[in-house]
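The model is shown first.

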Amino acid sequence: MNYKVAVIPGDGIGPEIVTEAKKVLDKTGEKYGHTFEYQELLMGGCSIDAYGEPLTDETLEKARAADSVLLGAVGGDVGKSGWYKLPPDKRPEAGLLKIRKGLGLFANIRPAVLFDELSGACPLKEEITGGGFDFVVMRELTGGLYFGERKTIEEDGVLKAIDTLTYDENEIRRIARWAFDVAMKRNKKVCSVDKANVLDSSRLWRKVVKEVSEEYPEVELSDMLVDNCAMQLVRDPKQFDVILTENMFGDILSDEASMVTGSIGMLSSASLGATKLGLYEPSHGSAPDIAGQDKANPLATILSAAMMLRYSFDLEKEADAIEAAVKQVLKEGYRTIDIMDEGKTLVGTKQMGDLVAGHI
C-alpha cells in the first residue's frame, strides 16, 4: 500500500525528530511492503517567516488532502523570538489550533506508558508501578468550557467573569465511539470520567456514554468522578486502559498522566476526527535551546508515527513492530540526554533513530 503523509517539521527540534520518524517509517514500509509518500509543509514560526502567518489556507488544504499528518513541534523562545511580539492569532501556536479545527479533529488520544527500562524516572513508588503501566487518555478536544460562550461584565461596580460549559449529545457520542473503538484495539476497558454528582453536562455525558457502550458488548465500561480519577492515577495507574473524558478534565488528567510516566520525551499523541485522517505529534515542545545539536529525543515522534499506522492506516503489526523496536533499544541501554541514567549509553538524535530503525 502507498500512503500520502503530510509532514510538518515545524520549528526548533521539529525537523530533527521528524527526520528520524520518517527513517523508521521507511524501514517499516520496506519490511512490510508499504510506501510512504511525504509532502513537507510549513506551519508555526517557519511559516510566519515565509508567509507572514502561522498556517496558510493553502497549507491547510494540502494537509486535508493527505491520508494523515505527522507533526514535529511549533514555537520558539517566548523571551527571545520576535514571533511572540505578534498578536496571539498570528503566533506559531495559533497554527496548531487552526489545523485541528480545520481538519475537524475533536478527539485527542494521549498514551501514558511507563517502560520497565525507564521506571526509575517515575515519581511514584516502585511497589505501585512495578512492571510498568500502559493506558491512554481520550479527551474531547473541541467542546466544553474552552469553547463555550464567555464574557466579563460589571454588575453594581463589581467585575464578573462568565464561562459556559456546554455539550450536546452528538458531541459526546462521537468522542465516546472513538474511545470504545480504541479500547477494542487494547484491553477492552473504558473508564468514563465526569462530575455527574454536580454538573448537568456530566449527567448527560454519563447517559450518552452508557448508550454508546451498548454498541460494544465486549468492552467493559466503568464511571468515575474526576476528583477520584486524579487520585487513582497516582494510587494505582495500572487499573486503567482507556480514560474517556471531556475537554477540561482531559486537559488536566492527561498532564497528570504524563508526569507519572516521568519523561515527556517519550509521550506520543494523536488528534482524530470523524474520518481516518489524523494529526500525530509528540507531546513535548520545540525545545529551541537544543535545536540543531543532535540532542533531542526522537522517540515520542517515532511512537506518534506508530500511532498513525495503527489509527489512520489500520496497520496493527507494523505499529507493534515500531513499539517493540523502541522497547528493545531502551532494553539495550541506549539513551538520549533527557532520559540518561548511570550505566547507560548516551546517543544523539540521529543514532537513536538509526537504532530503532535497525530493530524493525
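Predicted model: local features only at pLDDT ≥ 70, side-chain atom pairs only at ≥ 80, totals over all residues.

Residues are numbered from 1 along each chain as its sequence is written, and side-chain values use heavy atoms, with hydrogens and water left out.

**Helix pairs**

Helices (H or I, at least four residues) and strands (E, at least two) are DSSP runs numbered from the N terminus. Axes are lines fitted to C-alpha atoms, for helices over the stretch in contact, and angles run from 0 to 180 degrees between N-to-C directions.

Helix H10 (residues 299-311) packs against helix H11 (residues 316-331) at about 160 degrees, and their axes are 7 Å apart. That makes H10 roughly antiparallel to H11 (over 145 degrees). In this pair, contact (heavy atoms within 4.5 Å) involves residues including Leu303 and Arg310 of H10 and Glu323 and Val326 of H11. The contact of H10 with H11 has nine nonpolar, no polar and five charged residues. Here Ala, Val, Leu, Ile, Met, Phe, Trp, Tyr, Cys and Pro count as nonpolar, Asp, Glu, Lys and Arg as charged, and the others, Gly among them, as polar.

Helix H6 (residues 169-184) and helix H7 (residues 200-213) have axes 9 Å apart and an angle of about 50 degrees.

**Pockets**

A pocket is an open set of points on a 1 Å grid where a 1.4 Å probe fits, with protein on both sides within 12 Å along at least five of seven lines; lining residues have an atom within 4 Å of a point. Grid points are joined across faces, edges and corners, and a volume is the space filled by probe spheres set on the points.

| Pocket | Volume |
|---|---|
| Largest | About 890 Å³ |

The largest pocket is lined by 41 residues, and Glu93, Leu96, Leu97, Arg100 and Leu141 are the closest to its centre. H4 gives the most to this lining, with eight residues. The lining of the largest pocket divides into 15 nonpolar, 13 polar and 13 charged residues.

Of the 20 residues that line the second largest pocket, Val113, Asp134, Arg186, Arg310 and Glu323 are the closest to its centre. H11 supplies the largest share of this lining, five residues.

Key
Parallel < 35°, antiparallel > 145°, perpendicular 65-115°, else oblique.
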